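Colleague: I have some questions about the terms used for this model. Could you put it up first?

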Amino acid sequence: MARSTARSARAAGYCVVAFVRGVTLVVLVPMMMYSAVLCLVGVGLIVLPLELRLLRWLADSERDRLGRWAVTSTAPAGPHAGRRLMAVLLDPATGRDLRWAPGMMVAGTVLGLLGAALFLFPAAVLVLVCLWWLFPADEPVRLMLSVPIDGWGSAIYVGVPQFLLSVLLALFGPPLLARLEASVSRWLLAPSAATILAERVSTLDRTRMGAINAHGSELRRIERDLHDGTQARLVSLAMQLGLAERTLGSDPAAVGPLLARAREGAEEAMAELRDVLRSVYPPILADRGLTGAVSAVVARCPIPATVELGELGDLPAQVEVAVYFAITEALTNAAKHGHAASVSVALTRAGGKLRADITDDGQGGATEGHGTGLRGMRQRVEAVDGVLRVQSPPGGPTVITVECPCES
């Protein structure tokens with residue numbers, strides 16, 4: 001009962017927001033029509049883009065809410081590509097916003113008001129039944145069955161069944177109306193199959209270019225590390241061995257220190273080579289899997305860190321690498337740039353997707369424009385068809401979410 005009541009209360013809140021949004025559109029839609037006419041004299045060219053941006057904000061907030069009651073959600077369209085009227089009208093999502101506005105104006109207002117009223121219906125029935133004596137004798141209280149209530153006996157006889165009926169309506173009516181309103185909004189806001197395909201192609205083009213750039217940057221980094229580190233040490237090793245070979249005939253006693261320095265150089269070169277290989281594919285992933293690798297990274301974190309690991313199962317190697325490096329970079333940023341006192345990592349798998357949430361209590365304000373850390377994380381994640389979201393308001397906390405498809 002308590003769970004049903006809480007669910008009905010959430011649905012009623014959803015309906016209240018839908019009603020407010022519908023009333024807002026009752027005002028906004030005629031204003032946009034009037035502004036469209038004013039475009040003939042030039043004034044609408046300034047006012048209409050502002051109204052369309054307000055409509056986009058309302059539509060995107062509705063898209064954010066759809067996942068709670070609709071079967072499938074719709075991703076927010078985001079801000080318009082430009083500020084001029086033509087740029088706003090050419091935005092592919094503007095047509096869906098304009099299609100949604102009149103539908104929401106009617107469905108949101110009617111269904112939202114009805115859902116909120118049904119949730120409050122039991123309270124109204126109870127108040128009317130208990131306060132029957134305030135009504136004049138010639139105009140007694142009449143509820144749904146039109147039976148007059150003129151005494152406590154008739155109040156109990158008529159009021160109790162109708163109160164129970166109103167409770168049933170309040171428990172099941174608002175969720176049903178909320179789902180209906182959400183379905184209408186999803187149907188009006190959802191892009192067509194051709195639009196989804198075009199957006200998918202555009203996303204693949206962008207992520208492919210990001211993967212190519214990331215791959216090129218990685219190759220240049222490996223080449224630089226090998227050239228400046230390992231190759232230099234191998235050249236030094238060859239020179240020391242050549243010197244030892246020339247000294248062997250004239251001064252055998254001096255060969256020992258040369259060979260010792262050569263051995264140290266060889267060990268340093270192997271250590272640097274292992275570091276380079278570790279940056280390509282960390283051996284700990286092959287040895288312990290993603291859960292063990294993440295646990296090890298969290299244990300080495302310079303600030304207090306906690307980890308929550310779910311059942312991950314078998315994962316593609318490229319997904320493991322992308323998520324591992326994203327978590328590593330996020331922990332480094334939290335300690336180095338975010339000045340966080342603690343950080344938590346949650347790694348779960350559900351619905352064919354691997355999800356990692358990294359949360360720290362640092363100073364926030366992380367953006368991709370500062371440095372290359374977040375940009376590199378996004379390129380790695382998008383290269384495996386994943387999504388990276390960063391929420392980092394000034395003052396914190398910072399929440400980095402990584403979602404990657406992991407179905408084979």
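Colleague: Which residue takes a positive phi in the hairpin of E4 and E5?

Modeller: Gly351, with phi near 60 degrees; the hairpin has 2 residues between the strands. A word on sources: this is a predicted model, where local features need pLDDT of at least 70, side-chain atom pairs count only at pLDDT 80 or more, and totals for chains, interfaces and linings use all residues. Residues are numbered from 1 along each chain as its sequence is written, and side-chain values use heavy atoms, with hydrogens and water left out.

Colleague: What makes E4 and E5 a pair?

Modeller: Pairing needs at least two bridges found by DSSP. E4 and E5 have 8, in the antiparallel sense, so they count as paired. Leu347 has Ala356 in E5 as its bridge partner. E5 is also joined to E7 by 8 bridges, again antiparallel. Lys353 stands opposite Pro405 in E7. Strands here are DSSP E runs of at least two residues, helices are H or I runs of at least four, and both are numbered from the N terminus.

Colleague: Why is Arg63 called buried?

Modeller: Buried means under 20% relative accessible area (exposed is over 50%, partly exposed in between; 1.4 Å probe, protein chains only). Arg63 has 2%, so it counts as buried. Arg63 lies in helix H2, residues 44–69.

Colleague: How do you know that Arg63 and Asp60 make a polar contact?

Modeller: The term needs a pair of N or O atoms within 3.5 Å; within protein, one must be able to donate a hydrogen and the other to accept it, and residues adjacent in sequence count only if both atoms are side-chain atoms. The side chains of Arg63 and Asp60 are joined at 2.8 Å.

Colleague: Why is the pair of Tyr324 and Phe325 called edge-to-face?

Modeller: Rings of Phe, Tyr and Trp (its six-membered ring) pair with centres within 6.5 Å; planes under 30 degrees apart are stacked, over 60 edge-to-face, the rest tilted. Tyr324 and Phe325 give 5.5 Å and 70 degrees, hence edge-to-face. Both are buried.

Colleague: What makes a nonpolar core, and which residues have the most contacts inside the largest?

Modeller: A core is a set of buried Ala, Val, Leu, Ile, Met, Phe, Trp, Tyr and Cys residues joined through side-chain atoms within 4.5 Å. The largest has 39 residues, and Leu290 and Val323 have the most contacts inside it. H9 gives the most to this core, 11 residues.
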